[in-house]
Amino acid sequence: MILNFYTALLLILLLFFQGRTTRTESGDRFIRLDVMTLILLAAETVGHFGEISGDLILLSKIGYYIIYALDPACYLFAILYIDCWINEGEKSMGRKLVTAAYKIFVAANLIVVTVSTLFDLKLLYYFEGAEYFRGSLFYVRAVLLLVFCLLLSIYSYVYRKKIYADYRGAIFALPTLAMIGAFLQIVFAELDMTYASIAIGLLIVFCNLQSNNLDVDYLTGALNRRGLDIKMEERIRIAQAGGKTFSAIMLDLDRFKQINDTYGHMEGDYALKTVSDILYRVFYQGASIGRYGGDEFCVITDINSRQELDSSLDILEDELEIWNYRGGKPYELAISCGSMVYDPASKMSAKDFQIAIDELMYHEKRKHHLVDNRRRRTDEAGQNN
């Protein structure tokens, strides 16, 4: 119980700090793995608490059911997390098969555990009074868990050259520690080390990857220019190889210098974070979102038609208008943007595609400046009259 308390505290702290640092795909998957481990740890604690007294046996049954039903999901979330650090472009058939195997194992395990519990088949675990016992298939499932845990390490090793060299040690640490913890808990029934080991692995990952990701913008938690350039190269390589197209949008925050000069840099930072938040709300699904530099942002999305892209941009404008109406700030947020659907037949390089979108963005920005200048001259003329 004491070990679980400190492990839970560590997981909660990691969740807190991760939520304040990055908003990338790796950050989201890290949070899911952390939350799943926390849920299983809570279930394990509830199960042990229920064993204190026969009157609390229902708590034990609930706790152990959650553990047996969901703990393979921890390994699925772990491989999905490792996956996002593998720089290979489109997922290879081998990687797809491994991920599919984990999903099948998670689903099959859930069915077997649920059926065994509902019909009291005593396949994996059971209770006699207030005492917990391992079922007839316990060790079969335990071996499968170890195999899938070992597969995490093998998977990381096979694709190690696709992972940045500086990140490999932390990536290897996660499945290795998880496997050691699972093995110890299977061999020594009273030694609850699985989730503590995963928590230590997550701590190593956070310290070496999540809090020190070279591809993340420190202010907004989105991708930085380096991360965006990598994503753009990757998407163009996929598009030219298989014809799978995508869209990209460059955005510039209008009158940002005026916000900084008039209301201070803290307010300017707040405006940038707000734009980032809105972009995540509108384009999050399947998109890479980042701060390109200064007051410029870039969105790389799976959208593959001009009509759908224009519709998304309309939604973005609506979200900005809603914020301006409700934000309670003495300034309004407005953007200039350029966007294109990538045509694989054009064989356009990442640099040329970026230049083309930039030109479209600056063309719109010049139009916005003209409108602002006309409005200012009109206001000045009205004041003089």
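Helices (H or I, at least four residues) and strands (E, at least two) are DSSP runs, numbered from the N terminus. The model is predicted: local features need pLDDT of at least 70, side-chain atom pairs count only at pLDDT 80 or more, and totals for chains, interfaces and linings use all residues. Residues are numbered from 1 along each chain as its sequence is written, and side-chain values use heavy atoms, with hydrogens and water left out.

**View 1. N324 in helix α11.** Helix α11 spans residues 306–326 and contains N324. N324 counts as buried because its relative accessibility is 19%, and buried means under 20% relative accessible area, exposed over 50%, partly exposed in between (1.4 Å probe, protein chains only). Leaving out residues up to four places away in sequence, N324 touches E332 and L333. Contact means heavy atoms within 4.5 Å.

**View 2. The largest nonpolar core.** A nonpolar core is a set of buried Ala, Val, Leu, Ile, Met, Phe, Trp, Tyr and Cys residues joined through side-chain atoms within 4.5 Å. The largest one has 46 residues; Y75, Y81, Y102, L202 and L209 touch the most other members. Elements giving two or more residues to this core are α1, α2 (25–50), α3 (57–83), α4 (93–118), α5 (138–158), α6 (165–187) and α7 (194–208). The most come from α3, with 10 residues.

**View 3. Contacts of Y102.** Y102 touches Y75, L76, I79, F148, L151 and L152, not counting residues up to four places away in sequence.

**View 4. Another core.** Apart from the largest core lies another nonpolar core, of 27 residues. Among them are L253, F256, I278 and I289.

**View 5. Y6 in helix α1.** Helix α1 covers residues 2–19 and includes Y6. Y6 is exposed, at a relative accessible area of 54%.
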